[in-house]
Amino acid sequence: MAYPNHNKRKLQTYKSIFIEHIESFKKEYPKFDTAYHESVIKKMLDCGTVEGGYAEYDCMHCGGDKHVVFFSCKSKLCLKCAKRYAAEAAESIASQLIQGVKYRQVVF
């Protein structure tokens with residue numbers, strides 16, 4: 001079982017790689033130096049932060065303290081959001097399978 005702080009550190013490491021190396025990557029591979037790719041990377045870097053947006057609400061159970069919920073980017077580039085996307089896709093596929101039948105995946 002992974003601990004929340006460990007996952008947060010991994011996510012920060014992943015994001016720091018983009019921050020440190022994106023400019024040299026774009027110089028090496030200019031086809032990825034587009035507004036689209038820039039927006040996807042920015043969305044991933046802003047995921048779960050104030051810059052990415054958040055909602056505040058008052059908790060009725062703890063005496064009205066303010067709670068903040070950060071929005072996710074829902075990008076396949078983001079480790080956190082892609083993990084959720086992959087789990088939902090696997091669940092969707094599994095719900096369509098016939099029980100007792102053996103399946104194999106072939107990729108061409």
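Start by selecting Lys43, Lys74, Lys80 and Arg84: on the surface of this predicted model, these residues gather in a patch of positive charge. Within that selection, pick Lys80, which sits in helix 3, the run of residues 79-96. Lys80 has 40% relative accessibility and so counts as partly exposed, since that class lies between the limits of 20% and 50%.

Next, select Ile93, Leu97, Ile98, Val101 and Tyr103. These residues make up a nonpolar patch on the surface, and their accessible area together is about 480 Å². Centre on Leu97, in the segment after helix 3. Its relative accessibility is 41%, so Leu97 counts as partly exposed.

Now select the cysteines. How many disulfides does the structure hold? The count is zero. Take Cys73 as one case: the nearest cysteine sulfur belongs to Cys81 and lies 3.7 Å away, and Cys73 is in no disulfide. Cys73 is buried, because its relative accessible area is 9% and buried means under 20%.

Finish at Cys78, also in no disulfide. Its nearest cysteine sulfur is that of Cys47, 3.8 Å away. Is Cys78 buried or exposed? With 1% relative accessibility, Cys78 counts as buried.

Definitions and conventions:
Residues are numbered from 1 along each chain as its sequence is written. This is a predicted model: local features need pLDDT of at least 70, side-chain atom pairs count only at pLDDT 80 or more; totals for chains, interfaces and linings use all residues. Side-chain values use heavy atoms; hydrogens and water are left out. Patches are made of residues with over 30% relative accessible area and no salt bridge: like charges are joined within 9 Å, nonpolar side chains (Val, Leu, Ile, Met, Phe, Trp, Tyr) within 5 Å. Accessible areas come from the Shrake-Rupley method with a 1.4 Å probe; for residues, only the protein chains shown count as cover. A salt bridge is a side-chain nitrogen of Lys or Arg within 4 Å of a carboxyl oxygen of Asp or Glu. Lys and Arg count as positive and Asp and Glu as negative; His and the chain ends are not counted. The place of a charge is taken as NZ of Lys, CZ of Arg, CG of Asp or CD of Glu. Helices (H or I, at least four residues) and strands (E, at least two) are DSSP runs, numbered from the N terminus. Buried means under 20% relative accessible area, exposed over 50%, partly exposed in between (1.4 Å probe, protein chains only). A disulfide is a pair of cysteine sulfur atoms within 2.5 Å.
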